[in-house]
Amino acid sequence: MTLSATKRIKALLIWMTIIIMLVAFLFPIYWMVLSSVKTQIENLAYPPRFLVKPTTKNYQVIFVRENYLRYIKNSVIVALGSVIFSLLLGIPAAYSIVHYKQKRVALFLLLGRILPGVSVLIPWFVVYARLKLIDTYIGVVMAHMIQVFPLVTWLMITYFSEIPASLHDQGMIDGCSIYGILQKIILPLSTPGLATAAILAFIFSWNNFMFSLVFAQSRTMTLPIAAYKFIGYGEIDWGGITAAATVITLPVMVLGLVIQRWVVQGLTLGALKG
Amino acid sequence: MVERKTKTNFSIRGFLEKRASFVMTAPAVTFMTIMIIFPIGFTLYIMFFRWSGGVTNPPKFIGLNNFLNLFKDARFANALVVTLYITAVGLLLQTVLGTAIALLLNESFVGRKIIRAFLLLPMMATWVATALVWRWMMYPKLGVLNFFLEKVGLPRLLWLSGNATVVPSIIMIDTWQWTPLIIVIVLAGLQSLPREPYESAKIDGAHGWQILFRITLPMLRPVIVTAMVLRTVDLIKTFDVIMSASQGGPRFRSENLNIYIYNTGLFYFRIGYSGALLLVYFLIILGVTYFLSRQRGEISF
């Protein structure tokens with residue numbers, strides 16, 4: 001069968017649109033990486049250059065002068081902390097919600113997604129200031145958990161509800177309590193789901209800006225805040241900023257590609273099913 | 001684990017077994033109650049007071065004055081308009097673009113998975129980081145976007161520094177970041193559509209556009225509306241992009257409600273007034289979400 005002329009033109013048009021679209025969506029990421037390997041002189045050149053001999057100078061500034069390893073450490077501590085505590089709270093809750101069909105509990109836990117962050121931020125700022133929780137890891141972790149925890153719980157609800165109930169009943173017959181069933185039967189089966197939920201939650205915490213901006217000001221400063229503060233230093237060092245942006249985004253983009261399917265599910269948070 | 005509990009205390013075991021649904025959800029519910037219900041209660045209380053957050057100056061009761069002040073507050077009115085502007089235009093652009101691109105992608109069978117993976121990058125990337133990159137690209141003197149404009153013979157723009165161009169620039173960044181979400185959602189919807197209506201349409205001799213407007217789009221409606229609800233809620237709450245790209249400037253031209261409330265509470269420390277603003281803000285979000293969610297079921301195109 002040969003394609004008719006109109007069909008071939010249509011296919012060509014579709015491909016051209018797709019290529020234009022991909023270029024548009026990927027250009028800022030290319031420009032970020034490119035600017036980060038340009039010298040300050042090359043960055044301030046006009047017209048801008050689209051290919052250069054790469055330099056690591058900006059990365060030296062980031063890691064040596066600006067001590068970014070410290071912010072990376074802070075970001076990792078906060079993200080890991082909020083993921084681990086969210087899993088500890090979220091796994092039993094999610095299993096109970098699925099097993100006992102506690103729809104109202106599920107909706108309540110989702111409140112964290114609907115409420116604007118700023119409405120939680122101001123009251124907690126007042127309390128944190130009194131309790132001296134500002135700029136402490138535990139304070140930042142708790143704030144991040146307001147968003148990370150509902151995400152983890154909802155992902156685990158989706159995951160647990162795909163596990164056949166017959167496995168649970170089998171455990172019951174064998175004399176296990178619901179805790180035993182969760183621990184010995186369900187969790188070993190859910191390792192891939194747990195891993196993706198953990199990665200996605202990690203990304204959300206890693207990317208968090210608003211809570212960190214207020215609660216992680218100096219000692220616990222995370223990467224996004226460090227990059228944001230970079231812009232205030234008088235003459236703007238675009239090479240340094242784009243190097244910082246690259247350091248922040250590269251890990252999450254790689255992680256995101258690994259768990260693609262779940263990314264969309266995480267970002268839509270069960271809305272597609274409801 | 002259960003064995004150990006039996007030895008120590010029989011009644012604890014009985015409680016754990018009988019009330020498992022309570023025991024397993026209690027820590028989660030307690031955490032969320034503390035983290036969320038407390039701020040809501042605090043806001044509903046403090047909005048009747050004037051308070052700068054200081055320990056030595058206790059909150060002073062001023063009744064409904066904070067709410068009356070809303071009507072005299074030009075910056076609040078401005079923030080409302082900016083929020084509406086960003087949400088309405090952003091939503092329209094992202095929905096139309098996203099749906100159109102998804103329909104196109106659905107036609108091509110090669111490389112859809114790879115394209116989808118690439119599309120996820122803008123929304124995965126840390127928003128602050130990409131907003132800073134856009135700020136660089138939009139830099140009026142040396143930015144690459146003005147270079148492109150010059151190349152195609154268009155005048156240079158002030159982008160984020162221009163009174164009229166700042167909000168469109170913010171919308172552009174947000175559209176770059178979030179159109180892919182709509183593409184991915186609509187694409188998933190397209191792939192789950194039933195085949196039968198298309199087969200009967202072919203028999204009836206319907207052509208491309210008719211099929212699109214009479215069959216595909218009406219069937220996609222619930223999916224598109226769901227995507228729109230998600231985007232609306234997030235567009236009303238736009239924060240990261242504005243904070244890192246324009247900080248609400250120039251001269252408050254891109255200061256939406258979220259940024260204004262943030263500044264009121266945590267920059268000017270007008271905690272009581274920020275409570276009144278928060279209530280209005282929350283009611284707007286609830287109202288819009290409710291209205292949009294109701295559109296999902298109804299069929300009319």
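The structure is a predicted model, with an ipTM of 0.89 and a pTM of 0.89.

**First stop: chain A**

The view shows 14 helices and zero strands. Followed along the sequence, the pattern of chain A is α-α-α-α-α-α-α-α-α-α-α-α-α-α. Chain A is more spread out than a compact globule, because its radius of gyration is 23 Å, well over the 19 Å that the globule rule gives for 274 residues.

Next, colour chain A by burial. Of its 274 residues, 46% are buried. Among contacts in chain A with a separation of 6 or more, 80% join residues 24 or more positions apart.

**Second stop: where chain A touches chain B**

Show both chains together. Here 76 residues of chain A are in contact with 71 residues of chain B. Now select residues 5-36 of chain A, which form helix 1. This helix supplies 13 residues, the largest share of the side of chain A that touches chain B. By class, that side of chain A has 59 nonpolar and 17 polar residues, and no charged residues.

Finally, colour chain B by pLDDT. The average is 87, and 94% of the residues score at least 70. Select helix 1 (residues 2-8) of chain B, where confidence in that chain is lowest, at a mean of 50. Where pLDDT is low, the predicted coordinates should not be read in detail. Then select helix 13 (residues 257-266) of chain B, where confidence is highest, at 95.

Notes:
Residues numbered from 1 in each chain as written. Chains lettered and ligands numbered in written order. Predicted model: local features only at pLDDT ≥ 70, side-chain atom pairs only at ≥ 80, totals over all residues. Helix = DSSP H or I, 4+ residues; strand = E, 2+ residues; numbered from the N terminus. Rg over C-alpha atoms; globule rule 2.2 N^0.38 Å. Buried ≥ 20, exposed ≤ 12 C-beta atoms within 10 Å, placed from the backbone. Contact = placed C-beta atoms within 7 Å. pLDDT = per-residue confidence, 0-100. Nonpolar A, V, L, I, M, F, W, Y, C, P; charged D, E, K, R; others polar.
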